[in-house]
Protein chains: 2
Amino acid sequence: MNSRANSSRERILGTAEAMILEHGFAGTTIEDIIDKAAITKGGFFYHFEGKLALAKALVERYIEQDDAMFLELSERADALSEDPLQRLLIFLNLLTETVAGMTSVHPGCLVAAFTYETQQFNDEIRDMMQQGMLGWRAMLQERLEETLAIYTPVIEVSPSALADMFSSTLEGGILLARIYDDNEALMEQVQAYRTHLRLLFGDIRPPAVQES
Amino acid sequence: MNSRANSSRERILGTAEAMILEHGFAGTTIEDIIDKAAITKGGFFYHFEGKLALAKALVERYIEQDDAMFLELSERADALSEDPLQRLLIFLNLLTETVAGMTSVHPGCLVAAFTYETQQFNDEIRDMMQQGMLGWRAMLQERLEETLAIYTPVIEVSPSALADMFSSTLEGGILLARIYDDNEALMEQVQAYRTHLRLLFGDIRPPAVQES
C-alpha cells in the first residue's frame with residue numbers, strides 16, 4: 001500500500017473511531033464517516049468492504065495502539081528503576097502523567113463501546129476483543145509475577161485478578177471521566193490502583209504506634 | 001395508571017433494556033422492541049412518545065433499581081454489625097453474593113452503554129446519567145465518612161475518589177465479566193475493592209517481622 005493510500009485508510013479509521021465513541025457503532029453510518037473524513041465512497045470501499053471489515057480494523061488498531069502505549073511507558077519505567085515493584089509504581093505514575101497531558105476528556109475505550117453493542121459484530125471480532133483484554137492481563141501479570149518473586153504481599157492475591165484490576169480500573173476510570181467530563185476522575189482511579197499495590201506489597205506501612 | 005397498563009410499560013422497559021445492552025441504543029428500533037415485547041404499536045406510543053422518552057424512562061428506572069438494590073444490601077449489612085468499617089465490608093460481601101447468585105452473565109450497566117452513545121441523547125438524559133453516578137458516589141462517601149470518623153487510614157485518602165472507586169470497580173468489573181463471559185471477573189473486582197478498604201483502614205496488617 002503506498003503512503004497516500006495508507007494515510008487515507010488511517011484517516012477513515014481515526015474519524016470512524018471518534019464518531020463511534022460518541023454515536024455508537026450502529027449509530028454511525030458509512031455515509032457519516034465518508035462525509036466527516038472527506039473521502040469518496042470509492043475510497044472508503046477500496047479500504048473496507050463494509051462495516052464489519054471496518055469494525056475489525058478498528059479493534060485491531062485500537063489494541064495495537066494501546067499495546068504500543070503501554071510498552072513505551074513500561075520501557076521508560078524500566079529505565080528508571082531496577083526494582084520490579086518500583087517499576088510498576090513508576091509505570092502507573094507515567095500513565096497518570098499521560099492522562100494529565102491530554103488536552104480533552106478521554107474519548108473512551110473502543111473495546112468497551114463495542115462490548116455494549118456486542119450483537120452488531122461477529123465471533124471473530126468478539127474474540128479479538130477478548131484476546132485484547134487477555135493481552136492486557138498478561139502484560140500486567142508478568143510484571144506482578146516479577147514483583148511477587150521478591151515481595152510477599154500482606155494478603156494472598158490472585159495475580160490474574162490483580163492484573164485484571166488494572167484493566168478494570170482503566171475501563172471504570174475512563175467511564176467516570178466521560179460522565180463527569182473530567183480526566184481527574186481517571187487519574188484518581190489509576191492512583192487508587194497504585195496505592196492498592198503499595199499497600200499490598202508493604203510500600204506503605206501503618207504508622208508506628210506512638211508510645212504514651 | 002392501572003396495573004395492566006403499568007405491567008405493559010414495565011414489559012416494554014425490561015425488553016428494551018435487555019436489547020439495548022446487546023445491540024446498542026441506535027441499533028435497537030422501536031419496531032424491534034414492539035416485536036420482542038409482543039405489544040402493539042399503539043401500546044408502545046401510549047406509554048412513550050418516542051425513542052428519547054423511552055431512553056429517559058430507561059435511565060430513571062435503571063438508577064432507581066440500582067439505588068434500591070444498594071439500599072437493601074446496606075440495610076442488611078447495617079443489621080449485622082455496629083462498626084462502620086465492618087458494615088462496608090459486609091455490604092461488599094453481600095454484593096459479591098448477589099453476583100454469585102446470578103444465573104447468567106451480568107447484562108451490563110445501562111449508564112455505561114448510554115455513555116458510549118452519548119450523542120444519541122439530550123442534555124436532560126445526560127444530566128440524569130451524571131446525577132445517577134453522583135448519587136452512587138454520595139451513597140458510598142457517606143459510609144466512608146462514618147468509617148473515617150473512627151478509623152485513621154494508613155495513607156491520606158480523598159473520600160470522594162475512594163467512593164468513586166466503588167462505581168469504577170463495578171463498571172470495570174461488569175465489562176470484564178461480559179468480555180470474559182464469566183461473572184467471576186466482577187466478583188474478583190468487588191473483592192479487590194474490599195481488600196483495598198481493609199488494607200487502607202488497617203483491617204489487614206503486615207505480618208509481624210519474625211525474630212531471627
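Predicted model: local features only at pLDDT ≥ 70, side-chain atom pairs only at ≥ 80, totals over all residues.
Let me begin with B:F70, a residue that is buried, with a relative accessible area of 2%.

Over all chains, the count comes to 20 aromatic pairs. One of them joins B:F70 to B:F91 in an edge-to-face arrangement, with 6.3 Å from centre to centre and 65 degrees between the planes. Because B:F70 belongs to helix α4 of chain B, residues 51-80, while B:F91 belongs to helix α5 of chain B, residues 84-100, this pair ties together parts that are 21 residues apart in sequence.

What is the relative accessibility of B:F91? The value is 1%, so B:F91 counts as buried. B:F91 also pairs with B:F166, and here the geometry is tilted, at 5.8 Å centre to centre and 45 degrees between the planes. B:F166, like B:F91, is buried.

Turning to chain A, we find A:F70, A:F91, A:F166 and A:Y193 linked into a cluster by ring pairs.

Finally, which residues place a charge over a ring of the other chain? A:R137 lies over the face of B:Y180, at 4.6 Å from the ring centre, and B:R137 lies over the face of A:Y180, at 4.6 Å from the ring centre.

Definitions and conventions. Residues numbered from 1 in each chain as written. Chains lettered and ligands numbered in written order. Heavy atoms only, no water. Phe/Tyr/Trp six-rings, centres within 6.5 Å; stacked < 30°, edge-to-face > 60°. Helix = DSSP H or I, 4+ residues; strand = E, 2+ residues; numbered from the N terminus. Buried < 20%, exposed > 50% of the residue type's maximum accessible area, 1.4 Å probe, protein only. Lys NZ or Arg CZ within 6 Å of the ring centre and 35° of its normal.
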